[in-house]
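Please open the model in your viewer and keep the selection panel at hand. The tour below goes from one selection to the next.

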Amino acid sequence: MVAEAFSGRFSIQFIEEGNDRDVLLRARDLVHVGHRILTAPLAGSIKPWETPYRSVMLTAEPEGPMDLFSLDLMERALAILRETKASPRTVSQAILQDFQIVDKSLMESALMSMEAAGQA
Amino acid sequence: MKLELGYIDIKGIRFGTYNAVEDRVLVVNPDTLIEQVLEDPHIKAARFEIASPGEKTRITPVKDVIEPRVKVEGPGGIFPGVISKVDRVGSGKTHVMRGMAVVTAGKIVGFQEGIIDMSGPGADYTPFSKTHNLVLVMEPAEGIHPHEYEKAARLAGLKIAVTVGELARNIAPDETVVYETPTIAETFDAKLRGLPRVGYVMMLQSQGLLHDTYVYGVDAKRTLSTLIRPTELMDGAIVSGNCVSACDKNTTYHHLNNPIIEELLARHGKTLNFVGMIITNETVYLSDKIRSSDWTADMAGFLPFDGAIISQEGFGNPDTDLIMNCTKLEKKGIKTVIVTDEYAGQDGKSQSLADADELANAVVSAGNANETIVLPPMDHIIGTLDYVDTIAGGHDGSLRPDGSIEAEIQVIIGATNELGFNHMSAR
Amino acid sequence: MSKFKVVHYINQFFGQIGSEDMADFPAEKRQGPVGPGIAFQQAFGDKAEITATIISGDSWFNENLETAKALVLEMVREEKPDLFVAGPAFNAGRYGVACGTIADAVQTELGIPAVTGMYEENPGADMFREKVYTIATGDNAAGMRKVVPLMAKLGLKLMTGEAIGASIEDGYLPNGIRKNFFDKERGAARAVNMLMKKLADKPFVTEYPMPSFDRVEPQPAIKDITKAQIAIVTSGGIVPKGNPDRIESSSATKYGAYNIEGVDDLTAETYETAHGGYDPVYANEDADRVVPVDVLRQYEKDGKIGKLHNWFYSTVGNGTSVANSKRFAVDIAEKLVSQGVDAVILTST
């Protein structure tokens, strides 16, 4: 849903066949080559470690040498994820939709801040 | 600033053909209240039910819990900027209907909201098993967005609480407590000299849809960290728009009855000098997190505090805000105690917080939210059990065929409240 | 209901055999309670009975660890007890290690629950508190009267299957498992009280100790890498073929130093990994994948680095204790510094 809502305005890497860990790994890789993260990579308070969706916003272009603050946050988030034992669950389509709405709303909330700062 | 709270102890609730408080029993006419709720076109249907302590009753999914109050003297009204017009509250006289609550229930999205059990093992974990509850169960109009409905449900609960609170206006309180907070100049009075200058940093959940908190009607994520008088909260300056993480969200009831404020005010002028409190948000955007925590630490140094209590709301990425606030204060030489809860896994073996720092060396824990509990079947369900399998901390098969529920205690409203409202902890 | 059966383990001192001069006393089993066992018997009342007491010398146990463990285990097995009680050992180090070792073995190998008691600084407590319920004691035997009822109470809970409370409720040392309980005061009051202590510089106890991080400040960057001598240190277990130093495949207790003077490439014929924690196929095929000698030699030739150090250091990271790792690191770092190494590439698996 995030990918649909914001495509056109931003460069979006949508990881369809993956999970939250794959999203964080991709973001971490981007940090390695100099992108800076703009939103906190940890999940919001909703369904801790259980929502199948995760979005992380980064700078569109690398900003020079690797940003250690970004890397630190990414690695901590990954470490937390590693510790979490995912409980297998079957979730109905309606609830998946609700998880997407919340994922999108977190990004919208970040976007307001970006816009206010003249960065979007 | 001086606020007098007159507590009226409510002993029960019953339905009638009129609205009144008679012999400390609340009588309400559900029809007139339903009419008021349905004024909002976003709400399709509404009904009221009563749940009293000790009954074999389960309320789920719960959105908010609100204590009815009424402003008897002084400027403003309850829930300023939301229900009452914007005016500075926190002084004068307010009547409180103690021992009861308005509880809003019904589906917002298909997961997240929690449980209140009025008896049994689950009742020990929630303060709202001990209150007489007037439960408002709602259904959204067809096709509206979750955020529109969340707002409608939030406002409906607050409106009903104000309508009910109004009934206590002319009743003589059973107990009166005066809460007085000093100005900054007064905190330098001779009589307070020598006492440690203590502050309170209150973090407000403000990450987005279903994760929001409102201060005088302003969405907290659009605010800078700021000062607020503790007595303003007692008049409803802060309301909950948070319907996630049942166990560690601050309901509006918690905001009205903030226990950290109570403890600090009770010791003010005796063992400590309660200088003031700062509210700060928990956001998604990193620059906001940095700005808010910088601002908080700077303000704490400006007042200044010698020490501060920092309370969190929620978990996950707010742990980052918590640790930022804590370390930035500590680095200014302001000693901190943080109040949080733990997500140590069902086996209790995982790292409890998503972020950590050795400067956070004084932690009060409200317990491990992942610990499991079996809630026995109840005779009466208010709301619906349709979502028990999917609320946070529930899992497939949470709801057993006999109606009992096996789940983590995070399904229970207020179980690991991070204002330190409860006695539970973990080691 | 018949009484539960309990076996008690104590050292030569509490077994009234003798003090340090009798520390070599080998294990011996006696019927019924001995020494502190009498106090335990009183605490158990008519619910449980100490059927046997095993006494051994501290030195004997620790110096013959494997045989001692097997022998004591057999003595316990014969009794078919419902509970095994060891100690309390207070601050006696070897006694504590013996109590922890045997209690852990009784639990894992015989499936019988065990309880012990130690002072928190006893090295045995550090080693076993997460495996065996270890009641917190004072640092000397004067605390016997306080600790016996706590150990007996927890022991009875283990036998009856009654739920164990949080560490603070049942008096055991925190064992890494977080458990909820209802405290006397609400959280807000606890927070204010803790802050008042912290402000007055009085001791206070955090309810959640932060995980300890051993953070190291990074060194300043190398000014001229083309002049620098670079060494390789690995926890990936690369060793010369045949593992001459016999570095363990897990929980390593040693490291090796290997000369690579004149070596341009680590081949399948000459090097392998001793590491047991990952699929070794690719490391064995070409150990340069873990210890990149080939690339660094090339860099050396191209003048991209000053020099590749003549020795590389290797151990196995798989389950190796932090204490051992620290010891290796101090050793290796001293050697590297004394040999004028400017920078180190650390590789794992």
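**From a strand pair to a helix pair**

Begin with B:Ala308, which stands opposite B:Thr336 in strand 20 of chain B. This is a predicted model in which local features need pLDDT of at least 70, side-chain atom pairs count only at pLDDT 80 or more, and totals for chains, interfaces and linings use all residues. Residues are numbered from 1 along each chain as its sequence is written, chains are lettered from A and ligands numbered from 1 in the order in which they are written, and side-chain values use heavy atoms, with hydrogens and water left out.

Next, select helix 8 (residues 187–199) of chain C, which lies across strand 13, strand 19, strand 20 and strand 21 of chain B, at about 150° to strand 20 of chain B. Angles run from 0 to 180 degrees between N-to-C directions, and axes are lines fitted to C-alpha atoms, for helices over the stretch in contact, where contact means heavy atoms within 4.5 Å.

Finally, select helix 3 (residues 65–79) and helix 4 (residues 93–110) of chain C, which pack at an angle of about 60° with their axes 10 Å apart. Among the residues making the contact are C:Leu73 of helix 3 of chain C and C:Ile102 of helix 4 of chain C.

Notes. Pairing = 2+ DSSP bridges. Helix = DSSP H or I, 4+ residues; strand = E, 2+ residues; numbered from the N terminus.
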